[in-house]
Amino acid sequence: MKSQQQKPGASRAIRCECGGELRPTKFDFYDFSDYVGFKVTVSGADGFRCNKCGGETVDGSLVNAVMIYTIVQVAKSPRLLNGAEARYLRHSLHATQQELAKNMGIDRVTVADWERGAEQISPQHDFILRAFAMNWMVAENLITPEYMREILGANSAAVRRLPPKKRTSISDTAAVVKALVPNCEVRASA
Ligand SMILES: [Zn+2]
């Protein structure tokens, strides 16, 4: 349910694709699973709901913020990446399977096998993929190099202690998304 671009002189109402009107609303719960490929929900997000079809939409800046937050969340996971998480980190790098494979010195089929769950990623490649994603975030000024080292250091320690005892807390990474989208609570679970 995408809102259409408003033309000069058009009615002030934002129109839904169905012809209904998109009205501002605050969502108790908004599901971003379609964007990231696994379960990510946000409570308290501002958005719009169509008065005709009931379609819901949120602002692109919120989508971006949640996707960035989710990269950090995935990179902090204290267990090996699953297929959806590996794919998500690759997408965050805007890399094809072939490009990622080349940068890791492995075959594209190996990357494809991780992503469809046919093969578990090795601890070494798991770490490299997270490091690529965190490096990208540092390059984009989304996190500091210190925070990157903290995340990767905690991760390599956690992977060495497999199997993990507990999931990563979101309390410290919550600051990242708080700065980007005030008044929202984000929960991610792969
Ligand atoms: Zn509609």
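**View 1. Overview of the chain and its contacts.** Of the contacts in the chain with a separation of 6 or more, 65% are between residues 24 or more positions apart. The model shown is predicted. The chain has 8 helices and 7 strands. Of its 190 residues, 29% count as buried.

**View 2. Confidence along the chain.** The average pLDDT of the chain is 82, and 76% of the residues score at least 70. Where pLDDT is low, the predicted coordinates should not be read in detail.

**View 3. Helix α2.** Helix α2 covers residues 60-76 and has 17 residues. From its first C-alpha to its last it reaches 25 Å, close to the 24 Å expected at 1.5 Å a residue. Buried residues of α2 include Leu62, Ala65, Val66 and Tyr69. The run from Thr70 through Ile71, Val72, Gln73, Val74 and Ala75 to Lys76 is also buried. An α-helix has 3.6 residues a turn, so residues three or four places apart point the same way.

**View 4. The largest nonpolar core.** This core has 30 residues, of which Val66, Ile71, Ala75, Leu89 and Ala133 touch the most other members. At least two residues each come from β4 (39-43), α2, α3, α5, α6 and α7. Helix α2 gives the most to this core, with 8 residues. Both domain 1 (16-58) and domain 2 (60-190) give residues to the core, so it lies between them. In soluble globular proteins, nonpolar side chains tend to be buried together.

**View 5. Surroundings of Ile71.** Ile71 is one of the buried residues of α2. Leaving aside neighbours within four places in sequence, Ile71 is in contact with Leu89, Ser92, Ala133 and Met137. Leu89 and Ala133 are, like Ile71, among the core residues that touch the most other members.

**View 6. The four-stranded sheet.** An open sheet of 4 strands has the order β1-β2-β5-β6, and its pairing is antiparallel. The edge strands, β1 (14-15) and β6 (56-58), each pair on one side only. Strand β5 (residues 45-50) is joined to β6 by 3 bridges, and the two run antiparallel. Arg49 stands opposite Glu56 in β6. Strands of a sheet pair through backbone hydrogen bonds, either parallel or antiparallel.

View 7. His94 is in the loop between α3 (83-92) and α4 (97-104). Although His94 is not a glycine, it has a positive phi of about 55°. His94 is exposed, because 8 other C-beta atoms lie within 10 Å and the limit for an exposed residue is 12 or fewer. Asn141 is in the loop between α6 (123-139) and α7 (145-160). The phi of Asn141 is near 60°, a positive value in a residue other than glycine. With 7 other C-beta atoms within 10 Å, Asn141 is exposed.

**View 8. Ala112 in helix α5.** Ala112 lies in helix α5, which covers residues 108-115. Ala112 counts as partly exposed because it has 16 C-beta neighbours inside 10 Å. Ala112 and Ala101 are 11 residues apart along the chain, and their C-alpha atoms are separated by 9.4 Å.

Notes:
Residues numbered from 1 in each chain as written. Predicted model: local features only at pLDDT ≥ 70, side-chain atom pairs only at ≥ 80, totals over all residues. Buried ≥ 20, exposed ≤ 12 C-beta atoms within 10 Å, placed from the backbone. Expected span 1.5 Å × (residues − 1). pLDDT = per-residue confidence, 0-100. Core = buried A, V, L, I, M, F, W, Y, C linked by C-beta atoms within 7 Å. Domains from an automatic or database assignment. Contact = placed C-beta atoms within 7 Å. Pairing = 2+ DSSP bridges.
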